[in-house]
Every structure is written in C-alpha cells, then in structure tokens.
Amino acid sequence: LCMKLTIIGTGYVGLVSGVCFAELGFAELGFDVTCVDNDAGKVKRLKAGESIIYEPSLSELMIKNSAAGRLHFTTDTSAAISAADAVFLAVGTPPHPETGEADLQYIFAAAEEVAAAITGYTVVITKSTVPVGTGKKIATIIRKTNPKADFDIASNPEFLREGSAVSDFMN
C-alpha cells in the first residue's frame, strides 16, 4: 500500500524532503507525495519541472517522480491535508531579529490549517527547526481548532547541507 504524504512548504527542507520521499516510492509501495505552498507562482514553476533551488540531482528526481505520478505540487492545502496519512510541517522558522529565537508564527498557522482539514487519523510531523516543546503547542492548536481530530504528533528534524541535501536525505 502506498502512504500518502503531504509536505507543507516548498523551501529547501520541504522540497528536498518531498522529492526524496517520492524517490523512495515505487510501484504500489512507498510514498505518494504532495508538496503544498501558498505561493502560486512557485507551484506553477514546480509543476513545470523547474526546481526553485539548486541542489545536485534534485531537478532530475523531481521531473522523474512527477512523471511517475508519485510527486505533486499544489496550493490547495485543504485537499492535500485531507488526503494525507501524514503531514510534514516544513515551513520557515526565521530567527527573531532581536532575540534570535525561532519565529513560530508560520508553523502555528500551518497547524491551524492541518486541524481544519484533517478527515481521518493523521500523523503531524514537524520538519522545521523548532524549539523543544513546539510539538505540544501544535497539538494544543489542533485540539482547540478541531476537538474531534484524530492525530498524533512527531518530530523529524534534520540538517540538510546545501549542495549535498539529496545525498544527506537518502543516506
């Protein structure tokens, strides 16, 4: 059976993760990946096979897996979430200019979108760089927004080095 993954955010971490998860898919096993971004221009470029970042072999893997039907790009967050078995939050957490602490507004907004759209059991996974305790805050947001939501929270942080991110992910 194919597991349906949704990646929210197509920045460096989100795009590399989405493409690499799709590469791990084959036949009816593996992953069917939908990458979501609210930037329609970025999604249009990705659908056309144009990588928005430079990373060795990323473009080739993106084109290959899109053509194989394992990798999709959309701005329709609700549809992508409602169809997913697992949702990865890979949105920006830029440092605050004065304190240097991670700005979690985008991850919390994504959690609200997840809560509004999940329709069945869903694993919600933080992929963004976040401080300890963020998972509990995300769970609170989801429960408050959708008290009937059936979900679990997980964290899958990783450091992808520019120039070797595909290799880092795959190995």
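Of the 171 residues in the protein chain, 44% count as buried, where buried means under 20% relative accessible area, exposed means over 50%, and partly exposed lies in between (1.4 Å probe, protein chains only). Before you start clicking, note that this is a predicted model, in which local features need pLDDT of at least 70 and side-chain atom pairs count only at pLDDT 80 or more, while totals for chains, interfaces and linings use all residues. Residues are numbered from 1 along each chain as its sequence is written, and side-chain values use heavy atoms, with hydrogens and water left out.

**Stop 1: the whole chain**

Show the cartoon and you will find seven helices and six strands; helices (H or I, at least four residues) and strands (E, at least two) are DSSP runs, numbered from the N terminus. Followed from the N terminus, the elements run β-α-β-α-α-β-α-β-α-β-α-β-α. Along the principal axes, the C-alpha atoms fill a box of roughly 40 × 40 × 30 Å. Among contacts (heavy atoms within 4.5 Å) between residues at least 6 apart in sequence, 77% join residues at least 24 apart.

**Stop 2: helix H5**

Next, select residues 105–117, which make up helix H5. From first C-alpha to last, its 13 residues reach 19 Å, close to the 18 Å expected at 1.5 Å a residue; that expected span is 1.5 Å times one less than the number of residues. Now color the buried positions of H5: Ile107, Ala110, Ala111, Val114, Ala115 and Ala117. What do the buried residues of H5 pack against? Show strand S1 (2–8), helix H4 (77–82), strand S4 (86–89), strand S5 (122–126) and helix H6 (134–145) to see their partners.

**Stop 3: Lys127**

Move on to the loop between S5 and H6, where Lys127 lies. Is Lys127 buried or exposed? Lys127 is buried, with a relative accessible area of 3%. Display its side chain together with that of Asn156, and a polar contact of 2.6 Å joins the two. Such a contact is a pair of N or O atoms within 3.5 Å; within protein, one must be able to donate a hydrogen and the other to accept it, and residues adjacent in sequence count only if both atoms are side-chain atoms. Leaving out residues up to four places away in sequence, Lys127 also touches others, including Val13, Ser17, Phe88 and Phe169.

**Stop 4: salt bridges**

A search of the whole structure finds five salt bridges, each a side-chain nitrogen of Lys or Arg within 4 Å of a carboxyl oxygen of Asp or Glu. Select Asp32 and Lys4 for one of them, at 3.7 Å from N to O. This pair links distant parts of the chain, with Asp32 in strand S2 (residues 30–36) and Lys4 in strand S1, 28 residues apart. Asp32 is buried at 13% relative accessibility, whereas Lys4 is partly exposed at 37%.

Then pick Lys64 and Glu23, whose closest N and O atoms are 2.9 Å apart in another salt bridge. Here Lys64 in helix H3 (residues 58–67) and Glu23 in helix H1 (residues 12–23) are 41 residues apart. Lys64 is partly exposed, with a relative accessible area of 43%.

Finish at Arg45 and Glu50, a salt bridge with its closest N and O atoms 2.9 Å apart. Arg45 is partly exposed at 36%, and Glu50 is partly exposed at 39%.
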